[in-house]
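Dear colleague,

Please find below the structure that I am handing over to you.

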2 protein chains.
Amino acid sequence: MIKISKKVEYALIALKLFAEKPNEVFTSKQISDKYNVPYELLSKVLQKLKKCGLLSSSLGMNGGYKLDKDPDQITIQQVISAIDGGISLTECQQGKTKDNCIIFDNCSIKDPMHKIQNELQNFFNKKKVSDLV
Amino acid sequence: MIKISKKVEYALIALKLFAEKPNEVFTSKQISDKYNVPYELLSKVLQKLKKCGLLSSSLGMNGGYKLDKDPDQITIQQVISAIDGGISLTECQQGKTKDNCIIFDNCSIKDPMHKIQNELQNFFNKKKVSDLV
DNA sequence: TGAAATTGGACTAATATAGTCGTATTTATA
DNA sequence: TATAAATACGACTATATTAGTCCAATTTCA
Ligand code: SF4
Ligand code: SF4
């Protein structure tokens, strides 16, 4: 079953909120309350979004997160990469140079699948947070 | 991490072989030997491909599977559907009417994600087994 | 000084995927 | 007619991934 992870869903829910109110600061708590998202999990997600430069944060009381990029500059691909490490249609397309698939050497679909994967990344690169209207 | 399952990979490896030698009969054993794919698992996969009409089978000695459709008529989407039950980008897009996501009622990304899911299905509908050359 | 916030690591629980085992049935052929 | 080779099917185990929780540190405003 091809799907995106819950974490990415939570990230997109949050990013959509940020996109609707740019320059406004929201805390993890506020967002988790508003959307019934598990607080601790959402916190981790927002931290990752910050680490890759999509959000900026301020510590301490009255702290929180705010958007650090234009919503139409943030691609779904970026979000998937930030949270889940990206798309890798097949096992051998993950960073796993060592410990590769045993089929690798006589795999007949490796190359065509790699091509499809590229197209898929392109697909998600064209999808922006601003499209989640 | 967005990816396809091992079962779908095995299905595609098999289907590519069938597509290269149409009308030729192959057994589970032959294919699992040729590609180092676990025999029992591959058997299950081929049974599913038969059930949805992509392959036909003959029982008993000298039995096996052969292609039952044109390779350029078999889409990757069909294969994913047959083996893994299709693509459902988000949880709420699986057949789960009951036991839905608790966020469902005030989820802000549900509808746009549904649209993206449709495009994604369209993407995989355009990919044919015959493209795996 | 205290409350509210981010940050970060370790941990557990739940689920999904991958793979195995055993057994029944069919069928060509020796 | 016995046997070997094949599909067919269901139950099972093992492994990996995902989801979620817990705990403690640090920052900062008031
Ligand atoms: S080598 Fe082939 S079977 Fe192995 S992970 Fe890559 S695509 Fe899949
Ligand atoms: S309702 Fe929203 S959060 Fe829940 S599964 Fe659907 S898209 Fe994801």
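A helix axis is here a line fitted to the C-alpha atoms over the stretch in contact, and the angle between two axes runs from 0 to 180 degrees between the N-to-C directions. Please bear in mind throughout that this is a predicted model.

**Helix packing in chain A**

With that convention, helix α1 (residues 6-20) of chain A and helix α4 (residues 76-84) of chain A have axes that come within 9 Å and cross at roughly 130°. Angles over 145 degrees count as roughly antiparallel, 65 to 115 as roughly perpendicular, and the rest between these as oblique; α1(A) and α4(A) are therefore oblique to each other. The hand of the crossing of α1(A) and α4(A) is right-handed.

Which residues form this contact between α1(A) and α4(A)? From α1(A) come A:Lys7, A:Val8, A:Ala11, A:Leu12 and A:Leu15, and these meet A:Ile76, A:Val79, A:Ile80, A:Ile83 and A:Asp84 in α4(A). Sorted by class, the contact of α1(A) with α4(A) comprises eight nonpolar and two charged residues, with no polar residue.

**Relation between the two chains**

Chain B is superposed on chain A by a rotation of 180° with 0.0 Å of shift along its axis, at an RMSD of 0.0 Å. The two copies are thus related as by a two-fold rotation axis. Within chain B, B:Ile2 has the C-alpha nearest the axis, at 3.2 Å from it. Both copies use the same surface, since 100% of the contact residues of chain B recur in chain A.

**Two individual residues**

A:Ser108 is located in the loop between α4 and α5 (110-126) of chain A. Is A:Ser108 buried or exposed? Its relative accessible area is 17%, and residues under 20% count as buried, so A:Ser108 is buried. Leaving aside residues up to four places away in sequence, A:Ser108 touches B:Ile13, B:Lys16 and B:Tyr35.

In chain B, B:Lys48 belongs to helix α3 (residues 39-51). B:Lys48 has a relative accessible area of 36% and is partly exposed. Not counting residues up to four places away in sequence, B:Lys48 is in contact with B:Ala82 and B:Ile83. Between B:Lys48 and B:Pro112 there are 64 residues of separation in sequence and 32 Å in space, C-alpha to C-alpha.

With kind regards

Notes. Residues numbered from 1 in each chain as written. Chains lettered and ligands numbered in written order. Predicted model: local features only at pLDDT ≥ 70, side-chain atom pairs only at ≥ 80, totals over all residues. Heavy atoms only, no water. Helix = DSSP H or I, 4+ residues; strand = E, 2+ residues; numbered from the N terminus. Buried < 20%, exposed > 50% of the residue type's maximum accessible area, 1.4 Å probe, protein only. Contact = heavy atoms within 4.5 Å. Least-squares fit on C-alpha atoms with pLDDT ≥ 70 in both. Parallel < 35°, antiparallel > 145°, perpendicular 65-115°, else oblique. Left-handed = near helix turned anticlockwise from the far one by under 90°. Nonpolar A, V, L, I, M, F, W, Y, C, P; charged D, E, K, R; others polar.
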